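Me: Hi! Could you walk me through this model before I set anything up with it?

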Amino acid sequence: MSDNENTFLEEEKDQDEIRAQLSQMSFEDLQKLKEKLGTKVYNETIFGTRKSTQVTFKRENKNRPREMSAKKQVPRFREVIQVKKHIPRDPRFDSLCGTFNEKAFKNAYSFVNKLRENDLAALKTELHKADDEKRIKKIKYLIQRLENQLREEKRKNEREEKKIQEKKEILEAVKSGQKPTFKKKSEKKVLDLVSQYEELKNSGKLKKHIKRLRKKNLHKDRTKLKQATWAVSDAK
């Protein structure tokens, strides 16, 4: 097999001699030869190189339209006027729009909280006038959602103010030559719980919050008890 391949590649033979030798080879050997040489080289070795006939269309007069080949398919939609392609851009992920500044964003959209407060006041007024039970239920749901949004925004602002205050205290301590004190996560958690407790106490929602926590803890205890009983029954 290898001797035949070498003779095909090294010696220059006529196509008739190559075909005569290939006719004596088995199909398996021909397939191996084709895989080794490649389809293009294999076809050129057997059939010879094909000359591509390219027809160039010319115009007798420059003002006449150019003659085109009938074999080439004409596009269905012809572009008469070239229109600039519109590429949509998302300012959140586009570097051309600059980097995200959270402080500037909050200052620009600070009016949203004022709109929420106005909506909350309007809903509370509507709640006193409503008679339909479905409408009352929907208004209560909207009031609860707005109150939660405003409360969460207030807590977020307070956390950020605390971080800014801590950074200021650390910088002042460094400037004065003192050793700065860094609060642990556990200490920060305790302070957050204390501030939350004071906020609920001042708003008169402390009892409701404690009741909700007890209900949540009771549900957790029941779930754990069920899982424990299932584990014991499976072990038996």
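**Chat about the model**

Me: What does Glu-152 pair up with in a salt bridge?

Reply: Its partner is Arg-159, with 3.7 Å from N to O. Arg-159 has a relative accessibility of 38%, so it counts as partly exposed too.

Me: How many salt bridges are there in the structure?

Reply: There are 4. One of them joins the side chains of Lys-106 and Glu-160, at 2.7 Å from N to O. That pair ties together distant parts of the chain, with Lys-106 in helix 5 and Glu-160 in helix 7, 54 residues apart.

Me: Nice. Are Lys-106 and Glu-160 buried or partly exposed?

Reply: Lys-106 is partly exposed at 21% relative accessibility. The cut-off for buried is under 20%, so Lys-106 does not count as buried. Glu-160 is partly exposed as well, with a relative accessible area of 28%.

Me: Which residue does Arg-135 meet in a salt bridge?

Reply: Arg-135 meets Glu-126, and the N to O distance is 2.7 Å. Arg-135 is partly exposed at 31% relative accessibility, and Glu-126 is partly exposed with a relative accessible area of 31%.

Me: Switching topic: what is the overall fold made of, in helices and strands?

Reply: The protein chain has 9 helices and 0 strands. Along the sequence that reads α-α-α-α-α-α-α-α-α. Of the contacts with a separation of 6 or more, 47% are between residues 24 or more positions apart.

Me: And how much of the chain is buried?

Reply: Buried residues are 10% of the 236 in the protein chain. The accessible surface is about 22700 Å², and carbon and sulfur atoms account for 53% of that.

Me: Give me a buried example. Where does Glu-147 sit?

Reply: Glu-147 is in helix 7, which covers residues 133–175. With 18% relative accessibility, Glu-147 falls under the 20% cut-off and so counts as buried. Apart from neighbours within four places in sequence, Glu-147 is in contact with Leu-120, Lys-124 and Lys-205.

Me: How accessible are Tyr-109 and Phe-111?

Reply: Tyr-109 is partly exposed at 46% relative accessibility, and Phe-111 is partly exposed with a relative accessible area of 41%.

Me: Last one: what is the mean pLDDT of the chain?

Reply: The mean is 77, and 82% of the residues reach 70 or more. Where pLDDT is low, the predicted coordinates should not be read in detail.

How values were computed
Residues are numbered from 1 along each chain as its sequence is written. This is a predicted model: local features need pLDDT of at least 70, side-chain atom pairs count only at pLDDT 80 or more; totals for chains, interfaces and linings use all residues. Side-chain values use heavy atoms; hydrogens and water are left out. pLDDT is the predictor's confidence in each residue, from 0 to 100. Buried means under 20% relative accessible area, exposed over 50%, partly exposed in between (1.4 Å probe, protein chains only). Helices (H or I, at least four residues) and strands (E, at least two) are DSSP runs, numbered from the N terminus. Contact means heavy atoms within 4.5 Å. Accessible areas come from the Shrake-Rupley method with a 1.4 Å probe; for residues, only the protein chains shown count as cover.
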